[in-house]
Amino acid sequence: MLNLPDHQNYGDLAVAISKFRQLELGKKVYIEINEFLDLIDYYLTKNQVSTSRKILDFAIQFYPDCYELKLTEAQLLIEANLHNQAAHKLKNLYQNHHDDFGLLMLIAINYAKSGIVNKGMKFFDKALSPLDDEEKAPVLFAISQTFIQIGRYDVASFYLTKAYQITPNDSNLILELAFCFERTEKFLNSKKLYISYLKDNPFSHLAWYNLGVVYSKLDKNKKAVEAFDYALALSPEFSSAYFNKANIMLNSKKYSKAIEEYSSVISYEKDNASAFYLRGLAYMQSNQFKNAIKDFIKSLKIDDKQPETWYHTALIYYKFNQINKAKKAIHKALS
């Protein structure tokens, strides 16, 4: 795999950037292979794939037979979602380098991102097989990130669990595994891990928020609200925590409290169509129909493709005998 540039060597990186700029201007400059590789990785970390590709094209002119550059070319094709082209390059490299760790990892990543998960896992396992446990843990974590990126939280959980068995006190690992358990609806496992994480990291507003989400999934609303309140105490502008609290209040028919919480969301997210709609519902349920219709209209100005909002708007118009407006709103809902 590619080596990311060491943050302590930014002086060297600045020199390499300067050299490459001169090269772009047509000047004769000698750039070592490691400088090219560092430049490519640097711009990849900044999500500037096109710049990395440009640097690679220059590098191949200087070092056409360099194996690391060929690996890098395959990586860039994967980053650009050109999986078939990447597979062709990787297949050629695999003929002569079938035990190379970096190559095996790239083949596995390409299969995974192409949706061929079983083959991806096969090559990940092949890359892992010669490593001892201490070496495996960070690789298992890295593998899990690939599957998180493609939404396969079940497979990510599998690799994170293996890493957790090796390094059970790794806070980042615990947090990621708890998140994956939540996404795969293993809420009790997720809850245990978030609580474990918060014992060592009590000031993580994200962990408190995620624990609140898990409690709400387990229908433990009181504990969920407490967790959201902790998150808000640590990060008072954390609008997602207000939003989740508001949803609990609305579902529990505590309409005045729901209105208060949705109002907090709106104070930070003035274009949140869902918050206006849901606050409108809370107003409607508490018979504050003028406020409800105002919120529904505000919500629809932000996003007019909300059938439920149109439907509830129609209900209020119908209640007050504004039949034409009600018909129009129902037509919008149905369309």
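**Chat on helices, loops and surface patches**

Me: Let's begin with asparagine 110: buried or exposed?

Reply: Asparagine 110 counts as buried, because its relative accessibility is 4%, which is under the 20% limit used for that label. Please keep in mind that this is a predicted model.

Me: Where does asparagine 110 lie?

Reply: Asparagine 110 belongs to helix 6, the helix that covers residues 101-113.

Me: And which residues does asparagine 110 touch, not counting those up to four places away in sequence?

Reply: With those sequence neighbours left aside, asparagine 110 is in contact with Ile78, His83, Ala86, Ala87 and Leu90.

Me: What about alanine 227, where is that one found?

Reply: Alanine 227 is part of helix 13, which runs over residues 221-234. This alanine counts as buried because its relative accessibility is 2%.

Me: Which residues touch alanine 227, again not counting those up to four places away?

Reply: Trp208, Leu211 and Gly212 touch alanine 227 once residues up to four places away in sequence are set aside. As for serine 263, which lies 36 residues from alanine 227 along the chain, the two C-alpha atoms are separated by 20 Å.

Me: Changing topic to backbone angles, what is the phi of asparagine 47?

Reply: Asparagine 47 has a positive phi of about 60°, although it is not a glycine. Most residues other than glycine have a negative phi.

Me: Where is asparagine 47 found?

Reply: Asparagine 47 sits in the loop that joins helix 2 (33-45) to helix 3 (49-62), and because its relative accessibility is 67% it counts as exposed.

Me: And asparagine 81, what phi does that have?

Reply: For asparagine 81 the phi is positive at about 60°, and this residue is not a glycine. Asparagine 81 is placed in the loop between helix 4 (67-79) and helix 5 (83-94).

Me: Why does asparagine 81 count as exposed?

Reply: Asparagine 81 counts as exposed because its relative accessibility is 55%, and the label applies over 50%.

Me: Which lysines make up the positive patch?

Reply: A positive surface patch is built from Lys290, Lys294, Lys298 and Lys301. Lysine 294 is located in helix 17, which covers residues 289-302.

Me: Then the nonpolar patch: which residues make it, and what area does it have?

Reply: Tyr311, Leu315, Ile330 and Leu334 make a nonpolar surface patch of about 380 Å².

Me: Which helices each supply at least two residues of that nonpolar patch?

Reply: Helix 18 (307-319) and helix 19 (323-334) each contribute at least two of its residues. Tyrosine 311 is found in helix 18, and since its relative accessibility is 40% it counts as partly exposed.

Me: Last one, where does glutamate 260 lie?

Reply: Glutamate 260 is in helix 15, spanning residues 255-268, and this residue is partly exposed, with a relative accessible area of 45%.

Me: What separates the C-alpha atoms of glutamate 260 and proline 138?

Reply: The two C-alpha atoms are separated by 44 Å, and glutamate 260 and proline 138 are 122 residues apart along the chain.

Definitions and conventions: Residues numbered from 1 in each chain as written. Predicted model: local features only at pLDDT ≥ 70, side-chain atom pairs only at ≥ 80, totals over all residues. Heavy atoms only, no water. Patch = residues over 30% accessible without salt bridge, like charges linked within 9 Å, V, L, I, M, F, W, Y side chains within 5 Å. Areas by Shrake-Rupley, 256 points an atom, 1.4 Å probe, with all protein chains shown as cover. Salt bridge = Lys/Arg side-chain N within 4 Å of Asp/Glu carboxyl O. Lys, Arg positive; Asp, Glu negative; His and termini not counted. Charge placed at Lys NZ, Arg CZ, Asp CG, Glu CD. Helix = DSSP H or I, 4+ residues; strand = E, 2+ residues; numbered from the N terminus. Buried < 20%, exposed > 50% of the residue type's maximum accessible area, 1.4 Å probe, protein only. Contact = heavy atoms within 4.5 Å.
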